[in-house]
Amino acid sequence: MLTIYSDDHHLHHGRCELMDGQLMPCFEMPSRADHVLARVQYRRLGPVEAPQDFGLGPIERIHSRDYLDFFKGAWARWTEFNTDGDLLPYTWPARTLRRIMPTSLHGQLGYYSFDGGAPITAGTWQAAYSAAQVALTAQAVIQRGARSAFALCRPPGHHAASDLMGGYCYLNNAAIAAQAFLDQGHKKVAILDVDYHHGNGTQSIFYERSDVLFTSIHGHPEAEFPFFLGYEDEHGEGAGEGFNFNYPLPAGSGWDRWSAALEQACKEIEKYGADIVVVSLGVDTFKDDPISQFKLDSPDYLAMGARIADLGKPTLFVMEGGYAVEEIGINAVNVLEGFESAQ
């Protein structure tokens, strides 16, 4: 399996995130992708190549121009304050406030953010842009006839909506790749999100569409981030009614319960008749992940990959979460090897 990877991810290294009432070192760090790459190479999964540059066009198919302009220019505006530190929001347009666009940097940052977990640094735009190009390059490999490819994206993307950042995510790599498949002639794309946290951004992007089926297995939002999306009764709206399936599970869920949800999601994908499957590959479902509450073990990821392979569809894997840094490479590559061995 070909892996697409860019060293540009090192340009994004946030100092802190707001969690549990304090500013903490970011769990989303460069070593995450480094460990995955090392494991890909150690296991000789296949060649590793740098991404091509497809420009902003495919990204603009998912993200609004106003949002992209803000994100691209935010750091330069921040440096004008002559302060030391990452750019983080401290106010948001909550339910009782007007949804209005301020002129100030901090007001606009609050408008385009939904949490304090997506710091902007000097290199964040370039890292996120390159991650999108990683996904698009892997997508192009499958478009040319490959059965699978791995987009080793960092920063991750599935929490990013069309004009919203948060949850360590800025550009929605999986959604950008899914749209590229549609723009290049495919009629139906299925996204399977296996990250511990619900892919709220991906869901919102495709919620009123029938050309992308979204399925997600995740910690129950009653108690888990992102809290405000990911419930079972969210089935899509308008043309998208019946094309959104959430499988929220309680804390402590192990492979038996998790795999039963995977089976349900796979059956919906089979029923849908997808041309392509895009997997938002988060491995923060691991039993020792520091910010998650599922109990999957490393061998379970082999079985996960094998079940995805049984769908019999060209499959693009896009890296999302996973914060047990020592094990993230083992678990991510286990999914890919399980997929490969089952074909």
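This is a predicted model: local features need pLDDT of at least 70, side-chain atom pairs count only at pLDDT 80 or more; totals for chains, interfaces and linings use all residues.
Helices and strands here are DSSP runs, helices of at least four residues and strands of at least two.

View 1. UniProt, in an unreviewed entry, places the feature "domain: Histone deacetylase" at residues 28–336. Over this stretch the chain is 39% helix and 12% strand.

**View 2. The open sheet of 8 strands.** The strands pair in parallel and follow the order E4-E1-E5-E10-E9-E6-E7-E8. Strand E4 (48–49) and strand E8 (244–249) each have a single partner strand, so one side of each is left without a neighbour in the sheet. Helix H10 (residues 325–342) packs on the sheet and touches strand E5 (148–151), E9 and strand E10 (315–319). The direction of H10 makes about 180° with that of E10.

**View 3. Strand E9 beside strand E6.** E6 (residues 189–193) and E9 (residues 276–281) run parallel and are joined by 5 bridges. Ile-191 stands opposite Val-278 in E9, and Asp-193 stands opposite Ser-280.

**View 4. Strand E9 beside strand E10.** These two strands also pair in the parallel sense, over 5 bridges. Val-278 stands opposite Leu-316 in E10. From E9 the chain passes through helix H9 (residues 298–309) to E10, a β-α-β crossover that is right-handed.

View 5. Because 6 of the 6 residues of E9 are buried, the strand is largely enclosed by the rest of the structure. Buried means under 20% relative accessible area.

Definitions and conventions: Residues are numbered from 1 along each chain as its sequence is written. Side-chain values use heavy atoms; hydrogens and water are left out. Two strands pair if DSSP finds at least two bridges between them. Contact means heavy atoms within 4.5 Å. Axes are lines fitted to C-alpha atoms, for helices over the stretch in contact, and angles run from 0 to 180 degrees between N-to-C directions. UniProt positions are given in the numbering used here, feature names are shortened, and annotations may be inferred rather than shown by experiment. Buried means under 20% relative accessible area, exposed over 50%, partly exposed in between (1.4 Å probe, protein chains only). A crossover is right-handed if, with the strands pointing away from the viewer, the path from the first strand over the helix to the second runs clockwise.
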